[in-house]
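Here is a short report on one protein chain. Read it alongside the sequence and the model.

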Amino acid sequence: MTASSGGEPGSADERDIAGLRDQIDRVERDARRRAARSVDLGGRAVVIAVAVFVLIIGQILPWMAGANGLDVLLGTGSGDAVGKASMVPRLFALTSALFGVVASALALTTRLWAFTWVCALGGWFASVDGVLAIWSRQSSHGDLGIGLVIAWVAMVVIAIQWFRTAWSRPDRDDPVGRE
């Protein structure tokens, strides 16, 4: 090794090492940023996926007067399924399909915190709307179908799981989490 090859400040080796340090720091910053935006669902992903499946089953079972949840959502049933008596159940059918199925599928596939919060808040709204839908059916005509109850229970499970996930976000300083 010669005197001019590696010991002088500003030599090619030191510039290469500084460039390598910068590159490593950039990769580390990007990894931390990605980790801060993503969520690790673990076993909750299975619970949420099963609850979404149960919600879909609840949508195809009878809700009121022989009309299933999809008929109520689209307003294509007969009798009460298309009239004013179905407005609250129709809103529940819409919010449960939107937040319970579509948003949950997006959140499960993308694993982004933003979708986690959308599912948590939307799931809460749909759950409250489901209680109102059940109450309105029981107080007006009493013809409550099993599909409405199953869909509401599944929506409550989905909302609880998304809230637990949304509140479990680690500190921003430590995006990987503490053990």
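## An aromatic pair

Trp 117 is partly exposed, because its relative accessibility is 28%. Buried means under 20% relative accessible area, exposed over 50%, and partly exposed in between (1.4 Å probe, protein chains only). Trp 167 is exposed, with a relative accessible area of 65%.

The whole structure holds three aromatic pairs. Rings of Phe, Tyr and Trp (its six-membered ring) pair if their centres lie within 6.5 Å; planes under 30 degrees apart count as stacked, over 60 as edge-to-face and the rest as tilted. Trp 117 and Trp 167 form an edge-to-face pair, at 5.2 Å centre to centre and 80 degrees between the planes. This pair links distant parts of the chain: Trp 117 sits in helix 5 and Trp 167 in helix 6, 50 residues apart. Trp 117, Phe 163 and Trp 167 form one aromatic cluster.

## Model and overall layout

This is a predicted model: local features need pLDDT of at least 70, side-chain atom pairs count only at pLDDT 80 or more, and totals for chains, interfaces and linings use all residues. Residues are numbered from 1 along each chain as its sequence is written, and side-chain values use heavy atoms, with hydrogens and water left out.

The chain has six helices and two strands. Helices (H or I, at least four residues) and strands (E, at least two) are DSSP runs, numbered from the N terminus. From that end, the elements run α-α-β-β-α-α-α-α. Of the 179 residues in the chain, 32% are buried. Contact means heavy atoms within 4.5 Å. Among contacts with a separation of 6 or more, 70% join residues 24 or more positions apart.

## The largest nonpolar core

A nonpolar core is a set of buried Ala, Val, Leu, Ile, Met, Phe, Trp, Tyr and Cys residues joined through side-chain atoms within 4.5 Å. The largest one has 30 residues, and Trp 63, Phe 92, Ile 158 and Trp 162 touch the most other members. Helix 2 (44-60), strand 1 (62-64), helix 4 (87-110), helix 5 (113-140) and helix 6 (146-167) each supply at least two residues of this core. Helix 6 gives the most, with seven residues.

Which residues is Phe 92 in contact with, leaving aside its neighbours within four places in sequence? Phe 92 touches Trp 63, Ala 126, Asp 129, Gly 130, Ala 133, Leu 148, Ala 151, Trp 152 and Met 155.

Helix 2 has 17 residues and spans 25 Å from its first C-alpha to its last, close to the expected 24 Å. The expected span is 1.5 Å times one less than the number of residues. In helix 2, Ala 45, Ile 48, Ala 51, Val 52, Leu 55, Gly 58 and Gln 59 are buried. They lie on the same side of helix 2, because they cover an arc of only 140 degrees around the axis. The arc is that of the directions from the helix axis to the C-beta atoms. On the other side of helix 2, Val 46 and Phe 53 are exposed. The cover over the buried residues of helix 2 includes strand 1, strand 2 (67-68), helix 3 (69-74), helix 4 and helix 6.

## Gln 59

Gln 59 is in helix 2. Its relative accessible area is 5%, so Gln 59 is buried. The side chain of Gln 59 makes a polar contact with the side chain of Ser 96 (2.7 Å). A polar contact is a pair of N or O atoms within 3.5 Å; within protein, one must be able to donate a hydrogen and the other to accept it, and residues adjacent in sequence count only if both atoms are side-chain atoms.
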